[in-house]
Amino acid sequence: MTDTELRVSKIRNGTVIDHVAAGESLHVLTLLDIDGSGGEAVSLGMNVPSQTMGKKDVVKVEDRELSQAELDVLSLIAPDATINIIRDYDVAEKKHVEPPERVSGVIECPNLDCITNAGEPVEPVFDVLSEGVRCAYCETILRDDITDYLRR
């Protein structure tokens, strides 16, 4: 198989997440809460050749378009990702992820003394910084380990 051949078949409708850093596609599935139990058809390309990245991952999810909240968090773990919305086998929309100023309800604060971990009805909120994300309540900063704290 040459690098120009199609490695994974086209999808009729859904989302293709391209330009994910090599080895990060499983984190993308965790973020999207896809574990196989929901019945979604998912195709992964891991460590496939890329002219711009050397190697990359590609995730295809059939019959699902990502919400803006999902795109916001995706931007934290796959900042170079390109999102292609597929309808009837054609690219209907193409987007680049952009980090939001703030994310809520998708990351757990690792600080056990944080109000979000005290059994109170407080949703975790994080400010997005260039060096990571910061808890809006206790100011704990997460850098490279964001995927370890995704809410499941």
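Arg64 is buried, with a relative accessible area of 18%, where buried means under 20% relative accessible area, exposed over 50% and partly exposed in between, computed with a 1.4 Å probe on protein chains only. The model is a predicted one, in which local features need pLDDT of at least 70 and side-chain atom pairs count only at pLDDT 80 or more, while totals for chains, interfaces and linings use all residues. Residues are numbered from 1 along each chain as its sequence is written, and side-chain values use heavy atoms, with hydrogens and water left out.

Arg64 is placed in the loop between β3 (54-62) and α2 (68-77); helices (H or I, at least four residues) and strands (E, at least two) are DSSP runs, numbered from the N terminus. If neighbours within four places in sequence are left aside, the residues in contact with Arg64 are Gly14, Thr15, Leu32, Ile34, Glu40 and Glu70, contact meaning heavy atoms within 4.5 Å. With one of these, Glu70, the side chain of Arg64 makes a polar contact of 2.4 Å. A polar contact is a pair of N or O atoms within 3.5 Å, of which, within protein, one must be able to donate a hydrogen and the other to accept it, and residues adjacent in sequence count only if both atoms are side-chain atoms. Ala22, by comparison, is 42 residues from Arg64 in sequence and 23 Å from Arg64 in space, taken C-alpha to C-alpha.

## The chain as a whole

Two helices and nine strands make up the list of elements in the chain, and in sequence order they follow the pattern β-α-β-β-α-β-β-β-β-β-β. Taken along the principal axes, the C-alpha atoms fill a box of roughly 55 × 30 × 25 Å. The chain has 152 residues, of which 39% count as buried, and among its contacts with a separation of 6 or more, 57% are between residues 24 or more positions apart.

The accessible surface of the chain comes to about 8900 Å², with 43% of that area belonging to carbon and sulfur atoms; these areas come from the Shrake-Rupley method with a 1.4 Å probe, and for residues only the protein chains shown count as cover. The chain carries 15 positive and 29 negative charges, whose mean positions are 5 Å apart. Here Lys and Arg count as positive and Asp and Glu as negative, without His and the chain ends, and the place of a charge is taken as NZ of Lys, CZ of Arg, CG of Asp or CD of Glu.

## Salt bridges

Side chains of opposite charge can pair when their charged atoms come close. A search of the whole structure finds nine salt bridges, each defined as a side-chain nitrogen of Lys or Arg within 4 Å of a carboxyl oxygen of Asp or Glu. One of them joins Arg64 to Glu40, with the closest N and O atoms 3.7 Å apart. Because Arg64 lies in the loop between β3 and α2 and Glu40 in the loop between α1 (25-31) and β2 (42-50), this pair ties together parts that are 24 residues apart in sequence. Glu40 counts as partly exposed at 27% relative accessibility, whereas Arg64 counts as buried at 18%.

A salt bridge also forms between the side chains of Arg87 and Glu65, at 3.0 Å from N to O. Arg87 lies in strand β4 (residues 82-87) and Glu65 in the loop between β3 and α2, so the pair ties together parts that are 22 residues apart in sequence. Both partners are partly exposed, Arg87 at 37% relative accessibility and Glu65 at 42%, and the two belong to a network of salt bridges that links Glu65, Arg87, Glu93 and Lys95. In a further salt bridge, the side chains of Asp127 and Arg102 meet at 2.7 Å, N to O. This pair links distant parts of the chain, with Asp127 in strand β7 (residues 125-129) and Arg102 in strand β6 (residues 102-104), 25 residues apart. Asp127 counts as buried at 16% relative accessibility, while Arg102 is partly exposed at 47%.

Helix α2 is mostly covered, with eight of its ten residues buried. The buried residues in α2 are Glu70, Leu71, Asp72, Val73, Leu74, Ser75, Leu76 and Ile77, and Glu70 is the partner of Arg64 in the polar contact of 2.4 Å.

Asp18, in strand β1 (residues 14-21), counts as buried at 14% relative accessibility. Its side chain is joined to that of Lys56 by a polar contact of 2.9 Å. Not counting residues up to four places away in sequence, Asp18 touches Lys56, Asp57, Val58, Asp80, Ala81, Thr82 and Asn84.
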